[in-house]
Amino acid sequence: MSDSSSDRSAAPVLELWCDLQCPDCRTALDDLHALRARYGDRLELRLRHFPLEKNKHAFAAAQAAEEAWEQGRGWAYAEALLGRVEELAREGEPFLVEVARELGLDAEEFDTALIDGRHILIVDADQAEGKAIGVTGTPTYVIGGERLDGGKSQEGLRERIEEIADRLLAGQER
């Protein structure tokens, strides 16, 4: 993902370690929407790739999402995939290109990117970093150095994320 370092006071970062074929990650979208509504630009949301072996199209989906970021529609694409995980499971890589087309992205470029593997290193790096920090399932959130595992239950996670974000934002005001 992009590095957002700048001169301004950096917003706290919430990383979502995600498998784009994961039904639990789809459930996490409601929390992400609520967090966006509450914090706006004061909280930076980053999607990190952690495709699980059990989801055979997740690795290709992660590569496709990187192509969507290149084309300026990363979140829209990721959310579109998460909203239709069953279709992705059934239809595989052609579905990734179809969703790109539906969003007005360059579908031919998506197809080429999936063939030439230009985004594999980004996905591999995310997955390796996730393993290094203890991510074992998805969704997993990391904020303020704390890892919150949502793979077993989403219950109470948004509230915990908000507590940490509020603490980090209060620390910036000093």
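The chat below goes through helices, aromatic pairs, cores and loops of a predicted model.

User: Before we start, what kind of model is this, and how are residues numbered?

Analyst: This is a predicted model, in which local features need pLDDT of at least 70 and side-chain atom pairs count only at pLDDT 80 or more, while totals for chains, interfaces and linings use all residues. Residues are numbered from 1 along each chain as its sequence is written, and side-chain values use heavy atoms, with hydrogens and water left out.

User: OK, α6 then. Which of its residues are buried?

Analyst: In helix α6, residues 107–116, the buried ones are Ala-107, Phe-110, Ala-113 and Leu-114. Buried here means under 20% relative accessible area, exposed means over 50%, and partly exposed is in between, using a 1.4 Å probe and protein chains only. Helices are DSSP runs of H or I with at least four residues, strands are runs of E with at least two, and both are numbered from the N terminus.

User: Why do they line one face of the helix?

Analyst: Seen down the axis of α6, the buried residues fall within an arc of 115°, so they line one face; the arc is that of the directions from the helix axis to the C-beta atoms. An α-helix has 3.6 residues a turn, so residues three or four places apart point the same way. On the other side of α6, Glu-108 and Ile-115 are exposed.

User: And what does that buried set pack against?

Analyst: The buried residues of α6 pack against α2 (58–70), α3 (74–82) and α5 (93–102), where contact means heavy atoms within 4.5 Å.

User: What's going on at the two ends of α6?

Analyst: At its start, a side-chain oxygen of Asp-106 reaches to within 3.2 Å of the backbone nitrogen of Glu-108. Just after α6, Gly-117 takes a positive phi of about 70°.

User: How about α5, which residues are buried there?

Analyst: Phe-95, Leu-96, Val-97, Val-99 and Ala-100 are buried in α5, and the buried residues of this helix pack against α2, α3, α4 (85–91) and α6. Just after α5, Gly-104 has a positive phi of about 80°.

User: Switching topic: how many aromatic pairs are there?

Analyst: The count comes to two aromatic pairs, under a rule by which rings of Phe, Tyr and Trp (its six-membered ring) pair if their centres lie within 6.5 Å, with planes under 30 degrees apart counted as stacked, over 60 as edge-to-face and the rest as tilted. Trp-69 and Trp-75 form an edge-to-face pair, at 5.8 Å centre to centre and 65° between the planes. Trp-69 is partly exposed, with a relative accessible area of 25%, and Trp-75 is partly exposed with 22%. Tyr-77 and Phe-110 form a tilted pair, at 5.1 Å centre to centre and 40° between the planes.

User: What sits over the ring of Trp-75?

Analyst: The charged end of Arg-36 sits over that ring of Trp-75, 4.7 Å from its centre; the rule asks for NZ of Lys or CZ of Arg within 6 Å of the ring centre and within 35 degrees of the ring normal.

User: Which residues touch the most other members of the largest nonpolar core?

Analyst: Of the 43 residues in that core, they are Leu-14, Leu-20, Tyr-77 and Leu-96, and the largest share, six residues, comes from helix α1 (residues 23–39). A nonpolar core is a set of buried Ala, Val, Leu, Ile, Met, Phe, Trp, Tyr and Cys residues joined through side-chain atoms within 4.5 Å. A second, separate core of five residues includes Phe-50, Leu-52, Val-135 and Val-142.

User: Last one: where is the cis peptide bond?

Analyst: The cis bond joins Thr-138 and Pro-139, with omega about -5°, and Pro-139 is placed in the loop between α7 (120–132) and β3 (140–143). Leu-16 counts as buried at 2% relative accessibility, and its contacts beyond four places in sequence include Pro-139, Thr-140 and Tyr-141.

Terms used:
A polar contact is a pair of N or O atoms within 3.5 Å; within protein, one must be able to donate a hydrogen and the other to accept it, and residues adjacent in sequence count only if both atoms are side-chain atoms.
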